[in-house]
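Work through the exercises below with the structure in view. Try each task before you read its solution.

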Amino acid sequence: TTRNSPTSVLRYSLNVIKLVEQEAIQRDWPITCRVGVHHGSCMGGIIETQGRRYQLFGELMMQVDLQQSAAPAGRVRVSETCKQAARAERQEN
């Protein structure tokens, strides 16, 4: 997000889950998704000389991968770090 808002990322994640569920029902597709959310910093850059693409690196990405792989289908799994950041954000507002 433009403001580094863990709460916004959590809301977005829940919306993604809902949209996938709605599309699956409308199209009669047997699909679900799961989302992992973590809070922290990472580094990004363009990799490869052919077929360039933007890639993110760092501890954040490893944690997101771990959270996502442990999330049940149709659910969002949130790291403790992200929970604490979201609580802190709510207290600021």
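The exercises that follow concern a predicted model.

**Exercise 1. Find how many helices and strands the protein chain has, and give their order.**

Solution. Start with the count. The protein chain holds three helices and four strands. The order is α-β-β-β-α-β-α.

**Exercise 2. Describe the overall extent of the protein chain and its buried share.**

Solution. Take the C-alpha atoms along the principal axes. They fill a box of roughly 45 × 40 × 25 Å. Next, turn to burial. The protein chain has 93 residues, and 25% of them count as buried. Last, consider contacts between residues at least 6 apart in sequence. Of these, 59% join residues at least 24 apart.

**Exercise 3. Check the length of helix α1 against the expected value, then find its buried side.**

Solution. Helix α1 has 22 residues. At 1.5 Å a residue, 32 Å is expected. From first C-alpha to last, α1 reaches 32 Å, close to that value. Now list the buried residues: Pro 6, Thr 7, Leu 10, Ser 13, Ile 17 and Ala 24. They cover an arc of only 130 degrees around the axis, so they lie on the same side of α1. An α-helix has 3.6 residues a turn, so residues three or four places apart point the same way. Finally, find the partners. The buried residues of α1 pack against β1, β4 and α3.

**Exercise 4. Is Tyr 12 buried or exposed?**

Solution. First place the residue. Tyr 12 sits in helix α1. Its relative accessible area is 57%. Exposed means over 50%, so Tyr 12 is exposed. Now see which face carries Tyr 12. The face of α1 turned away from the buried side holds exposed residues Arg 11, Tyr 12, Leu 19 and Gln 26. Then compare positions. Tyr 12 and Ile 25 are 13 residues apart in sequence, and their C-alpha atoms are 20 Å apart in space.

**Exercise 5. Repeat the length check and the burial check for helix α3.**

Solution. Helix α3 covers residues 80–92, which makes 13 residues. The buried residues are Cys 82, Ala 85, Ala 86 and Glu 89. They cover an arc of only 100 degrees around the axis, which puts them on the same side of α3. Their packing partners are α1 (6–27), β1 (35–37) and β4 (76–78).

Definitions and conventions: Residues numbered from 1 in each chain as written. Predicted model: local features only at pLDDT ≥ 70, side-chain atom pairs only at ≥ 80, totals over all residues. Heavy atoms only, no water. Helix = DSSP H or I, 4+ residues; strand = E, 2+ residues; numbered from the N terminus. Buried < 20%, exposed > 50% of the residue type's maximum accessible area, 1.4 Å probe, protein only. Contact = heavy atoms within 4.5 Å. Expected span 1.5 Å × (residues − 1). Arc of directions from axis to C-beta.
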